[in-house]
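Open your viewer and get ready to select things as we go. We will take the tour one stop at a time.

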Amino acid sequence: MIKEKVRIVSNNRLSDGVYELVLDGASKVDCGQFIELTIPGFYLNRPFSVADYENGKLTVLYKILGEGTLAMTGLKEGTYLDMINGLGNGFLVDRAEKPLLVGGGIGIAPLYYLAKELVKRGKTPTIVLGYRTKNEVFYLKEFEKLGVTMVATDDGTLGLKGNVLTVIKASEIDFDYYYACGPMVMLNALKEYSTKGEISLEARMGCGFGACMGCSIMTTSGTKRVCKEGPVFDAGEVI
Amino acid sequence: MFVTDMKVNLLGTTLDNPIIPASGTFGFGYEFASWYDINILGSISCKGTTLEARYGNPLPRIAECPAGLINAIGLQNPGVEKVISEELVKLKEVYKKPVIANVGGHSTDEYVKTVSAFNDVDNVFAVELNISCPNVKGGGMAFGTDYKTASELVKKIKEKATKPIIVKLSPNVTDVTEIALAVQDAGADAVSLINTLVGMRFNLRTGKPIISVGKGGYSGPGVYPVALRMVYEVSKALNIPVIGMGGISKSEDVIEMMTAGATAVMVGSANLINPFACKEIIDRLPYVMEKYRINKLEDIIGRAH
C-alpha cells in the first residue's frame with residue numbers, strides 16, 4: 001500500500017454512463033488489486049479496480065452510480081488527485097493454462113489488465129462480456145485484440161440476448177480456470193456452473209485497507225475482508 | 001530553539017504523546033505496522049472485544065455523510081480468548097508500549113467476564129468500557145444512556161477488574177455530565193467521549209435505509225464541535241481524566257480538544273480515510289505547539305475552564 005499524488009491525463013466518456021480516467025505518476029500495481037481515489041468534496045475515498053497499468057499510467061473505468069462518480073465526470077485534465085495504491089490481493093495469473101475471463105457491466109474493468117498480463121505470459125484468454133445494452137458497451141475492441149471475445153446483452157441489442165452464462169453454455173468454451181468480476185447475481189450463477197476459478201468482489205467500503213471491518217464477508221474459512229484478504233477470492237470459498 | 005514536550009500522564013502511565021487511535025478504526029494495530037513505525041503512537045485502543053466471537057451486522061455497514069460516515073459494524077471480533085492469545089500477541093511483536101483493551105457486551109455478566117479476562121495481560125494498561133455502541137441489539141448503548149444502569153455496571157466490573165477502567169460515553173443522551181458523574185461515583189478511573197451519534201441515511205432509489213440494520217453511528221469532522229462541547233462540560237464536572245474524541249483530524253484539533261479539557265485524545269474516522277492520519281498528526285504536533293507557544297502539552301489540559 002502506498003499513498004501518492006497522481007495527475008489526470010484524461011477523463012473521457014466511453015459509453016452510456018461509463019467513463020475512462022487515466023492517471024499518471026502511479027506506482028506499479030498487480031492486476032486484480034485496487035486503488036482508492038480521494039474525490040474533492042467527499043469524505044470517504046472511492047475504491048476502483050485497475051483497468052490498465054503501464055509505465056506509471058493507471059487507467060480506471062467508472063460508471064455513474066451516485067453523487068461521487070457523477071462529480072468525477074467533472075474532473076479536469078491536469079488536476080492532481082490523492083490516491084492509495086496497491087490495495088488488496090490480485091488475480092493468481094499463473095493458475096490458468098486455458099483462461100476464461102467473465103465480466104459483467106463495470107466489473108469488466110479489471111479483466112482488461114488481466115487479459116494483457118495473460119497474453120504477456122503466452123496464454124490466450126477466451127473472454128465473455130455482459131452488458132445491459134449496446135449503448136453501454138465499452139472496451140470491446142480492446143478485448144478483441146487479446147483473445148476470442150463474446151458478448152451478451154440483457155436486451156439482445158448486441159451479441160446473444162441474455163447474460164454471460166447464456167454465452168458460456170451456448171459456446172461450450174474450452175477452459176480450465178476462470179477469472180470473473182461483475183454483479184453478485186452473475187458471480188453466483190457462475191459459481192453454480194463451476195467453482196474452478198476466482199471472483200473479484202465489490203463492496204461498500206469504509207477504509208479500503210482492513211481497518212474498519214465495513215466490508216467483511218463470510219467464507220468457508222471464516223470472515224474475510226473484501227478490501228484486505230480480497231477483493232479476489234477463490235470461487236468456491238465465498239458463501 | 002523552541003522546546004516542546006508532548007508527554008502526558010494517563011492513569012499512571014506516561015504516554016509519549018496524547019494521540020491514541022480510537023477503537024474500531026485501527027483493528028489490533030499490527031496491520032498498520034507494515035506502513036509505518038506505530039511505536040510513535042501514544043497508545044492504541046484496540047478493536048472492541050466481546051466474550052464470544054461476533055460476525056457483526058450484515059452488509060452494507062457503511063454510509064457516507066457530509067463530513068463523515070455512518071457505520072454499523074456490530075462489534076465484529078474473534079472473542080476475548082482469541083484477542084488475548086492471538087491478536088494482542090501479534091500486536092506486542094510490533095508495538096512495544098502498553099495498550100488499551102476495549103470491551104463491549106450484552107449483559108452485566110458478559111461485561112464482567114470479558115473485562116476480567118484482561119486482568120493478567122501485561123501489555124494492557126487500561127480497559128475501555130464501551131457502554132455506548134449504537135450498533136448492537138439489547139446491550140451496548142442501552143448501558144450507557146441510563147445513569148443508574150451505567151453506575152451499576154461499573155460497580156460490578158470494578159469488583160473484579162484489576163486494570164483501570166475507562167468508561168466510553170454516549171453523546172445520545174440529554175445530559176452527558178449526569179452519566180459521567182454517575183460512573184465516576186461508581187469507581188470509573190477515566191471517561192472517554194464521544195462515541196458516535198446515532199444517525200441514518202436513505203437510498204433515494206429504494207426509499208430504504210442504506211445501512212442494513214437501519215441506524216448506525218455517525219462520526220467524522222461533522223461531530224467535532226459537539227465532541228468539544230461535551231468534553232468541555234464533562235471535564236469541568238469531573239475530577240478523573242477525560243479522553244477526548246470525535247472528528248479529530250489534524251494537530252490543531254488535538255490542541256483544541258486538550259484546551260477543552262482532554263488529557264489525551266483518540267483519533268477515529270481520520271484513520272479510515274488516511275492510514276497515516278495519526279502519524280501525520282504526531283509529526284506535525286511540535287510545529288503547531290511552537291506556533292501557539294506551547295512548551296508542555298500537559299499544561300494546556302482544560303485551560304478553557
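This is a predicted model: local features need pLDDT of at least 70, side-chain atom pairs count only at pLDDT 80 or more; totals for chains, interfaces and linings use all residues.

Our first stop is inside chain A, where 19 residues of domain 1 are in contact with 15 residues of domain 2.

How much area is buried between domain 1 and domain 2 of chain A? It is about 1500 Å², and carbon and sulfur atoms give 60% of it. Now select Cys31(A), Leu61(A) and Lys63(A): together they supply 34% of the area that domain 1 of chain A buries against domain 2, more than any other three residues.

To look at a salt bridge in chain A, select Asp52(A) and Lys116(A), whose side chains meet at 3.0 Å, N to O.

Which elements give two or more residues to the side of domain 1 of chain A that touches domain 2? Select β1 (2-15), β2 (18-24), β5 (52-54) and β6 (57-63) of chain A to find them. Of the elements on that side, β6(A) gives the most, with four residues. If you colour that side of domain 1 of chain A by class, you will find nine nonpolar, three polar and seven charged residues.

## Chain A as a whole

Zoom out and show chain A as a cartoon. You can pick out five helices and 16 strands in chain A. The radius of gyration of chain A is 17 Å, close to the 18 Å that the globule rule gives for 239 residues, so chain A is as compact as a globular protein of that length. Along its principal axes, the C-alpha trace of chain A spans about 45 × 40 × 35 Å.

Now select Lys5(A) and Asp82(A). Their side chains form a salt bridge, at 2.7 Å from N to O. Lys5(A) sits in strand β1 of chain A and Asp82(A) in strand β7 (residues 80-87) of chain A, so this pair ties together parts that are 77 residues apart in sequence. Over all chains, the count of salt bridges comes to 26.

Two backbone details in chain A deserve a click. Where is Met213(A)? Look in the loop between β13 (197-200) and β14 of chain A. Phi of Met213(A) is near 65°, which is a positive value in a residue other than glycine. Then move along to Gly230(A) and Pro231(A), which are joined by a cis peptide bond with omega of about 5°. Pro231(A) lies in the loop between β15 and β16 (232-234) of chain A.

## Where the chains meet

Bring chain B into view. The contact between the chains takes 26 residues from chain A and 33 residues from chain B. Chain A and chain B bury about 2500 Å² between them, with 61% of it on carbon and sulfur atoms.

How many salt bridges are found across the interface of chain A and chain B? There are three. Select Arg225(A) and Glu31(B) to see a salt bridge between their side chains, at 2.8 Å from N to O. Ten residue pairs, both residues at pLDDT 80 or more, are in polar contact across the interface of chain A and chain B.

On the side of chain A that touches chain B, the elements giving two or more residues are β14 (216-219) and β15 (222-225) of chain A. The largest share, three residues, comes from β14(A). By class, that side of chain A divides into 15 nonpolar, six polar and five charged residues.

## Last stop: chain B

Hide chain A and look at chain B by itself. Chain B has eight helices and 13 strands. Its radius of gyration is 18 Å, close to the 19 Å from the globule rule for 305 residues, so chain B is as compact as a globular protein of that length. The C-alpha atoms of chain B fill a box of roughly 55 × 50 × 40 Å along the principal axes.

To finish, select Leu59(B) and Pro60(B): the peptide bond between them is cis, with omega near -5°. You will find Pro60(B) in the loop between β3 (19-21) and β4 (62-65) of chain B.

Note on methods. Residues are numbered from 1 along each chain as its sequence is written. Chains are lettered from A and ligands numbered from 1 in the order in which they are written. Side-chain values use heavy atoms; hydrogens and water are left out. Contact means heavy atoms within 4.5 Å. Buried area is the accessible area (1.4 Å probe) that two parts lose on being put together, summed over both. A salt bridge is a side-chain nitrogen of Lys or Arg within 4 Å of a carboxyl oxygen of Asp or Glu. Ala, Val, Leu, Ile, Met, Phe, Trp, Tyr, Cys and Pro count as nonpolar, Asp, Glu, Lys and Arg as charged, and the others, Gly among them, as polar. A polar contact is a pair of N or O atoms within 3.5 Å; within protein, one must be able to donate a hydrogen and the other to accept it, and residues adjacent in sequence count only if both atoms are side-chain atoms. The radius of gyration is taken over C-alpha atoms; the globule rule is 2.2 Å times the number of residues to the power 0.38.
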